[in-house]
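Hi,

Here is the structure I promised to pass on. Have a look at it first, and then read my notes below.

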Amino acid sequence: MVKWMVCGMLILSMVTLTWAQKKKLGRPINTTEHEVGPALSGDGKSMLLMSTYSKSGELSIKYTQMSSPGKWDQPEDIPALGLHQDLFFIGGYSLSYDGKMLLFTSRKGPNIGGYDIWYCQKQGNGWSVAKNFGKPLNSKMHDACPSLSPDGKSLYFMRCKTMKNGQAEDCQLYVSVKKGKNSWHEAVPLHQSINQYHSTAPTILADNKTLLFSSNRPGSLGELDLYMSINDGEKWNEPIALDYLNTVGMDQFVSVPIRGDIIYYSQDAGGQQDIFMAKIPQNMRPDPVYLMEGTVTDPNNEPIPAYVQLYDPSTNNRLQVLKTEPDGSFFMVLHGSNVYDFSVLAVDPAFHYAERLLYSDSLTDAQKEQLTITLSPQQDHPTFELPNIQFEPYSSELDDVSSVAIKRLYKWLEKNPNLRVEISAHLDSVQSDSLPSHPELTEHVIDSLYQTYYDTINLVGMDSILVDSLQQLEPYTVLNDTTGLWEREELVIKHTYHNDRTPAQADAIRNKLLKMAKDPNLENRIRAVGYADRKKIEGVGRKRVEVKVL
């Protein structure tokens, strides 16, 4: 059983902002001291910041969570980062989009260069021991201000010749691509359109193609201004200044949750730094994305280790794959206008799997979907739907979008060599007519039968020769000479046009699997059945393909 529950993106604040407004966050985020560098998780419910609101009066990295819309808990120090806050670079930290990884900049040892990029993982209410990303991501130079892409595959950061506390000089922006579970490729500099001038503090947004950063390029209002560049698939376009935020001071640390319409930043407020939020102009917002968040459990509500996958069915390319957390949870961001093949497969193939097609090509705003996915073991003989198997319109031919789903089904059968299944196709309602009155009526049945007719022919007064000749006519048979009742039989051809393609559709799936088979016994393990509209779900018919474990 799979429960798909759709809801809109959660509202980040109860405050309504107009274009001309910015809003200073209240307590406990802002205090009478300095607060700088907000960095939020994708859902906007967790935040890192630096504050001098402490006994020492020195800037320290703090963590807080939103307890209710617009209300934040008291920011707390992070013990996993250690006590020597003077080793950290101001604003040089971020949260992953799922909020489960904290990335930060430090010159504590053992290090590779001056400042290095480190990380720790969320563990319950705390964080794991911090680890250095190591080579080749970190270098002999200063590497700082990491920003992880929403799919976790790319890490953007700045590499500088000189860095000290909150100051950095001769910086360029780099990106490193993940190549394994905990390893990264050699970082490469971004396009010259970005790195032509001193550039710092990159932030990659949820659409995975909009980059915010800070630079002192010609035309800047202050020492450092905020800019935006969009990747067109081949290169980063010429940066655009965020003049709705830029000031004559140093503008550099910003954060934009997945919703994409609100930006958080720090700015001078009468002699001290405070944290603000502002509405992003429509023409400067990232493309809307689709957030998938959920849990995978067994029928007893116990978490199941599972792989969550995303494919492009038009190319059969796998775009994303991740493993659920120990509590069964997962977090995935879809970006771009496309149709996606989404699936959840238990690590143990003895469980059935779940799949669905996702359509993000009509998004106008960011959306969030909360999923509860329950996978049953084969011993329970589950019946589950395969909605990603589609057919051409008015046909039993498999649509190309089904290719990934068919391969998935085959691999699942291959991993369970003793499994016998029934593959069935279902229809919402059977329709028929004696004429092909609708394109849906593609199936044609011809029946031939003899129809009996009765005619009355009065023979009284008729010439005897004519009567004799009539009595010899076929297919007439005289039943009663007195009344003139005659019987005749005619061969009638009956045409019926209907829409029940389910037997052919079930056979099409089976035949496709058999063509892929390496096991000659697979033919005996698959039963194909077309049920038309005979098996309704809760009294309602619905087009679908199902697999039942026998």
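This is a predicted model: local features need pLDDT of at least 70, side-chain atom pairs count only at pLDDT 80 or more; totals for chains, interfaces and linings use all residues.

Let's start with Phe 276: leaving aside neighbours within four places in sequence, Phe 276 is in contact (heavy atoms within 4.5 Å) with Lys 22, Lys 23, Lys 24, Leu 25, Ile 263, Tyr 264, Tyr 265, Gln 267 and Ala 269. Phe 276 sits in strand E23, residues 273-279; helices (H or I, at least four residues) and strands (E, at least two) are DSSP runs, numbered from the N terminus. With a relative accessible area of 6%, Phe 276 is buried (under 20% is buried, over 50% exposed, partly exposed in between, with a 1.4 Å probe and protein chains only).

Residues are numbered from 1 along each chain as its sequence is written, and side-chain values use heavy atoms, leaving out hydrogens and water.

Now the sheet. Four strands make an open, antiparallel sheet in the order E26-E25-E28-E29 (strands pair if DSSP finds at least two bridges between them). E26 (317-323) and E29 (354-359) are at the edges with a single partner strand each, so one side of each has no neighbour in the sheet. Strand E28 (residues 339-346) pairs with E29 over six bridges, and Asp 341 stands opposite Leu 357 in E29.

Cheers
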